[in-house]
Amino acid sequence: MNINKAIRKQKKTYKRFVLSMGFIFVILPIILDVSKVINVFFIIYLFLMELMIIFVILYRLNDEYIDFKIDGYKISIWCGIARTKFMVICKKVRAVHVEGQDKNMKIIIIIKSKFRNKKIYPIEINFLKKYPYVAQMYKNIKILNPEETYSYFIIDNGGFKKYMLLDELYKFCERAVFSDNAIDKIKEYRDCGINPHAHK
């Protein structure tokens with residue numbers, strides 16, 4: 001798959017979606033007004049339809065939005081309409097794994113110590129059961145540094161743009177171990193010609 005084309009297509013599809021939803025949002029009240037069939041039922045129905053359109057647009061925006069910035073030793077990541085921020089100190093990233101495929105993939109990041117962020121969680125048994133590959137990576141990390149504590153967070157916003165973030169993590173988080181799945185995604189991203197940098 002050409003990730004570059006997929007990212008461009010994702011942006012165009014999102015713009016078309018917002019424009020079409022915006023058009024429907026505007027045209028519905030006009031149709032009701034022109035029809036002259038105005039009663040309580042239609043007004044309530046129109047109100048609910050408009051609310052649903054707003055909800056769908058916000059849901060799609062939340063799913064699509066991701067931004068990140070490289071600032072020397074750290075990577076700042078913003079996700080969703082709430083712009084949830086993750087500040088990743090590169091030298092504290094210990095492992096990166098990928099679950100899922102294409103735009104639906106998740107980036108799972110294990111970091112040393114706990115940061116002040118409600119979306120960064122301490123590693124516990126349920127998390128390790130859900131992601132057995134990560135559990136094995138975590139076990140290997142703990143063998144080397146048994147006294148350290150670790151936390152994790154998951155990036156699932158952004159669609160295909162997560163490939164770009166994954167590549168940046170690979171370049172700057174030199175102490176991290178990347179799973180085979182993560183490596184495959186990075187190669188897929190680089191092989192399509194977006195980023196000609198040499199592999200790590």
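1. Two strands count as paired if DSSP finds at least two bridges between them. In this predicted model, strand β2 (residues 74-79) and strand β3 (residues 84-89) meet that condition with 6 bridges, in the antiparallel sense. Within the pairing, W78 stands opposite K85 in β3.

2. The hairpin formed by β2 and β3 leaves 4 residues between the strands.

3. Helix α5 covers residues 162-172. Because 8 of its 11 residues are buried, α5 is largely enclosed by the rest of the structure. The buried set consists of K162, Y163, L165, L166, D167, E168, L169 and Y170, so charged side chains are included, given that Lys counts as positive and Asp and Glu as negative.

4. The K162 side chain does reach the backbone oxygen of K103, at 2.9 Å.

5. What surrounds K162, leaving aside its neighbours within four places in sequence? Its contacts are I66, K103, M105, I107, I155, D156 and N157.

6. On confidence, the mean pLDDT of the protein is 87, and 94% of its residues reach 70 or more. Over residues 194-200 the pLDDT is below 50, although this stretch has 20 contacts in the model beyond near neighbours in sequence. Where pLDDT is low, predicted coordinates should not be read in detail.

Key. Residues numbered from 1 in each chain as written. Predicted model: local features only at pLDDT ≥ 70, side-chain atom pairs only at ≥ 80, totals over all residues. Heavy atoms only, no water. Helix = DSSP H or I, 4+ residues; strand = E, 2+ residues; numbered from the N terminus. Polar contact = N/O pair within 3.5 Å; in protein donor to acceptor, adjacent residues only side chain to side chain. Contact = heavy atoms within 4.5 Å. Buried < 20%, exposed > 50% of the residue type's maximum accessible area, 1.4 Å probe, protein only. pLDDT = per-residue confidence, 0-100.
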